[in-house]
Amino acid sequence: MKHSFYSLMTAMALLAMSPSSSMAQGLKDIYKDYFLIGVAVNQRNVSNAEQAALVKQEFNSITCENDMKPEPTEPQEGKFNWEAADRIANFCRTNGIKLRGHCLMWHSQIGRWMYSDNPTKEVFFQRMKNHIQAVVSRYKDVVYAWDVVNEAMTDDPKAEDPFRQSPLYKIAGDEFIAKAFQYAREADPNALLFYNDYNECDPVKSQRIYEMVKRMKENGVPIDGIGMQGHYNIYGPTEAEIDAAITKYKSIVKHIHVTELDIRVNAEMGGQLQFSREGVAVSDSVKQHLADQYARVFNVLRKHRDVIDCVTFWNLSDRDSWLGQNNYPLPFDANYKPKMAYDYIKQMKAAAWPIPEKPKPNPNQQRQRRRGGFGGPQRPPFNPALAFAEQPGVKEDFVPSELNQPG
């Protein structure tokens, strides 16, 4: 009897340590029958042993947070800087993790040499082609999908022209979008090619994205999918709004990725950072609301697993987040420990509480928003030397209006 008791205890201990046990399973294992679970990483995440272990434990898709964007890879025309992107690509190769490419053409964080000398459309397209095909060709063995064009639609609901009035658009109109996809397809016929944007559940902007992609595809542009960035907050979007956007997009594409998921605990949403580094008091109720919103989001995503291939969190932990750790936006806290939100995602829990009432705008914040223009104050210019500083909350992802560029 005593021998049987110890045999039973030993078997239970081995089971607890087994990779197949729930204790050893990461998000990627729990969601293996649904979609890939990804994370955007910086240099520290793949070089620090503990952080790298967390990446390998939880995720089976990686995105470079900054290192594959146009300016970091080609800061001057024809002079490429591959070191940082290579380091992350090699991490993926070594560990058998899929890599999402982000991004090839974007009005922000792009070398000004691409457009600042008022090139003709033909010269601009040749520069685009050289850049896109050099980057795509270098990583085609490990990158399975590219965000080819990023954030080309305007946020202004009253704008007559649905396109962002970026330097790229002013040179070539929406043809620059079509050409970018053409050049990417030529460089890698096998990669999935995505159009990527934020505020993608907003009814006005989602319709603009839908109409642009639909028209492009009808004209033979090789757009395979739509990237929904997923910069949300605890107040929205609702399950119905996310469901409506996915349902709309899946009528024209076969692939949808949630590419930059984070959930703020304040009332901001989308791709601009206005006041959120101040954060709010992270009380038990705020932690519950965050967990509930993640539960709502994943509830809808699981429903659409027929078209959703990958869900990527934008940063590994609150410490890394462009939103600042005070906003508590990710499933892992500033010490890389899982939160209640992580448990809700992993256990596929339903939301326990209703969506909280959104706070009324602060008049001081309203004045700050007007001074900053649409979308709030602009980010400082990109500085590659600071891209991976130890300070939390640095995301060189929303860099510059033209007004704030040096020179």
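Residues count from 1 along each chain as its sequence is written, and side-chain values use heavy atoms, with hydrogens and water left out. Because the model is predicted, local features need pLDDT of at least 70 and side-chain atom pairs count only at pLDDT 80 or more, while totals for chains, interfaces and linings use all residues.

View 1. Helices (H or I, at least four residues) and strands (E, at least two) are DSSP runs, numbered from the N terminus. H10 covers residues 203-218, and its 16 residues should span 22 Å, which agrees with the 22 Å between its end C-alpha atoms; the expected span is 1.5 Å times one less than the number of residues. Its buried residues include Lys205, Arg208, Tyr210 and Met216. Here buried means under 20% relative accessible area, exposed over 50% and partly exposed in between (1.4 Å probe, protein chains only). These buried residues pack against helices H9 and H11 and strands E5 and E6, with contact meaning heavy atoms within 4.5 Å.

**View 2. The two ends of H10.** At the start, a side-chain oxygen of aspartate 202 comes within 3.1 Å of the backbone nitrogen of valine 204. After the helix comes glycine 220, with a positive phi near 90°.

**View 3. Aspartate 155 and its partners.** This residue sits in the loop between strand E4 and helix H8, and it counts as buried because its relative accessibility is 17%. Its side chain makes polar contacts with the side chains of tyrosine 198 (2.5 Å) and lysine 205 (2.8 Å). A polar contact is a pair of N or O atoms within 3.5 Å; within protein, one must be able to donate a hydrogen and the other to accept it, and residues adjacent in sequence count only if both atoms are side-chain atoms.

**View 4. Rings that pair up.** Rings of Phe, Tyr and Trp (its six-membered ring) pair if their centres lie within 6.5 Å; planes under 30 degrees apart are stacked, over 60 edge-to-face and the rest tilted. That rule gives 13 aromatic pairs. Tyrosine 31 and phenylalanine 35 have ring centres 5.4 Å apart and planes at 20°, so they are stacked. Both are buried. Ring pairs join Tyr31, Tyr34, Phe35, Phe59, Tyr294, Phe298 and Phe313 into a cluster.

**View 5. Charges over rings.** The charged end of arginine 305 sits over the ring of tyrosine 34, 4.7 Å from its centre. Lysine 339 has its charged end over the ring of tyrosine 328, 3.4 Å from the centre. To count, NZ of Lys or CZ of Arg must be within 6 Å of the ring centre and within 35 degrees of the ring normal.
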